[in-house]
Amino acid sequence: MICRKAGAALALALSLAVAPLPLAAQELKVGLSTEPSSLDPQYHNLSPNNQIALHLFEALVAQDPAQNLQPALAVSWKAIDDTTWEFKLREGVTFHDGSPFTAEDVVFTIDRAAKVPNAPSPFTQFTKQIVGIDVIDPMTVRLRTAAPAPLLPVDMTGIRIMSKKAASGPAPEGKTTEQLNRGEGLVGTGPFKFVEWSRGNQLVLERNDAYWGPKPAWKKVIFRPLPNAATRVAGLLSGDVDFIENPPTVDLPKLASNERVTLARALSNRVIYIHLDQLAEPTPGIPDTNGKNPLKDKNVRHALSLALDRTAIVQRIMEGFAVPAADLLPSPMFGTRKDTPVEKVDVARAKKLLAEAGYPNGFSITLGTPNGRYINDAKVAETIAALWTRAGVKTQIEASAPPVFFKNRDEHKYSAYLAGWGATTGEMSDPLRALVATPNRERGMGGTNKGRYSNPAVDAKLAEAMRTVDDEKRRTLLQEASKLAMDDYGILPLHFEVSVWAMKKGLTYTGRADQYTLAYLVAPAP
């Protein structure tokens with residue numbers, strides 16, 4: 001049984017937050033590498049969306065920069081039995097419109113997650129195990145699950161609580177995604193309130209002076225989308241923005257030596273990976289195999305992995321600001337395997353495996369990639385294309401702006417694509433559920449498995465892990481599930497990003513494993 005008490009945990013939460021500062025009229029201008037695609041906190045589970053949502057909304061359970069759990073709208077939680085979790089809610093919290101936060105808002109929010117239509121990466125990943133909610137009193141809820149759900153408190157970090165009063169409406173989900181994107185019903189309990197969003201120009205938030213926690217230093221925050229990395233750096237150096245995320249790795253030595261700039265960095269939980277279409281036949285992007293999909297053959301997938309020089313990519317393309325990946329989450333995070341070796345490049349063996357699979361002359365393929373979503377994403381894709389071509393798989397890339405790329409990916413227009421995944425929960429079940437579990441919307445599995453990889457053995461291990469309360473047993477099951485997927489080359493991990501933030505001198509920020517840029521944790525240096 002797990003119980004988090006309010007006293008010590010709340011002290012931890014406050015110690016990690018920004019220290020109280022005079023509420024002077026101050027403005028922070030932030031340059032974002034990727035604009036959010038939606039302000040609906042339950043539409044698309046992407047980091048650019050989630051980090052903005054955390055300014056406006058809060059979850060029952062929060063995470064510190066290392067993804068340790070801490071109280072937020074719940075001050076404590078405990079397992080009543082194997083299938084029931086009780087959450088004690090924080091008293092005295094109000095929404096931006098002044099209405100009180102109660103258990104009914106929790107019920108509304110969890111119920112809404114499954115009703116949001118056409119969600120590209122649905123939040124049912126975090127809620128599907130919940131089969132019932134009991135309101136014990138206005139400040140106590142119990143979440144019931146069909147099977148043991150030891151990760152429910154962790155999953156609750158991904159669900160930001162909405163106001164039932166403000167977000168209700170005639171549609172099944174209440175206020176629609178389109179309405180929320182216009183600011184209608186966009187009411188949370190977070191440290192900032194919505195002012196305006198001009199797509200492609202700026203998102204403006206103002207401080208919530210009634211916030212229950214430590215007040216942010218900034219009266220106003222202006223987020224500006226600056227997808228071009230050079231433009232972000234130029235904006236910082238010219239003073240057009242005060243803080244930027246994802247400065248280009250090639251500029252980091254220059255920024256580090258600039259007396260007017262401060263850097264923050266952290267090893268992230270974000271894995272950059274390649275997904276391969278393992279369902280469609282014929283598959284788009286492979287024109288010369290007489291309609292056969294070679295990616296369904298494990299030998300072919302293994303050959304493509306062997307052709308990748310992960311170490312060279314990290315050293316030459318990522319300028320050392322990454323770590324080669326052999327799995328979907330870096331060790332020692334929960335469920336990872338210690339000292340798992342990164343597969344070494346072996347072009348000769350890759351060609352041999354292709355020949356054994358019936359492709360002695362290789363084949364052609366198009367690799368989809370976003371241009372500007374992840375650190376050096378298009379450059380990494382270009383390098384992969386050269387490495388695959390060297391091994392006999394003639395590769396060209398299709399680099400698109402992130403919104404176009406994700407639309408194409410979700411419509412299965414790529415035989416192979418490069419993307420990234422940040423583990424919201426900080427443990428192995430997160431990428432396994434999202435990226436390699438057999439897609440099943442009803443069960444909240446495989447929501448971002450656009451390669452449509454399916455392995456019943458992986459699914460069985462993962463399902464067993466998800467209902468195993470004993471931490472050590474669950475850790476072992478997750479390790480076994482991930483090993484099965486890696487040994488099957490169901491997905492090809494490349495590297496884990498080292499995240500960097502750059503800011504004008506006089507500001508401080510603690511780098512986060514989740515890569516989130518959170519303006520309310522940016523503070524003037526002491």
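User: Which helix holds aspartate 377?
Analyst: This is a predicted model, where local features need pLDDT of at least 70, side-chain atom pairs count only at pLDDT 80 or more, and totals for chains, interfaces and linings use all residues. Residues are numbered from 1 along each chain as its sequence is written, and side-chain values use heavy atoms, with hydrogens and water left out. Helices are DSSP runs (H or I, at least four residues), numbered from the N terminus. Aspartate 377 lies in residues 377–390, helix α13.

User: How far away is the nearest side chain of opposite charge to aspartate 377?
Analyst: Aspartate 377 is buried (under 20% relative accessible area, 1.4 Å probe, protein chains only). It has no salt bridge (a side-chain nitrogen of Lys or Arg within 4 Å of a carboxyl oxygen of Asp or Glu). Lys and Arg count as positive, Asp and Glu as negative; His and the chain ends are not counted. The side chain in question is arginine 373, at 7.2 Å.

User: Why is the pair of phenylalanine 405 and tyrosine 414 stacked?
Analyst: Rings of Phe, Tyr and Trp (its six-membered ring) pair if their centres lie within 6.5 Å; planes under 30 degrees apart count as stacked, over 60 as edge-to-face and the rest as tilted. The structure holds 10 aromatic pairs. Here the centres are 5.5 Å apart, and the planes stand at 20°, so the pair is stacked.

Conventions
Helix = DSSP H or I, 4+ residues; strand = E, 2+ residues; numbered from the N terminus. Buried < 20%, exposed > 50% of the residue type's maximum accessible area, 1.4 Å probe, protein only.
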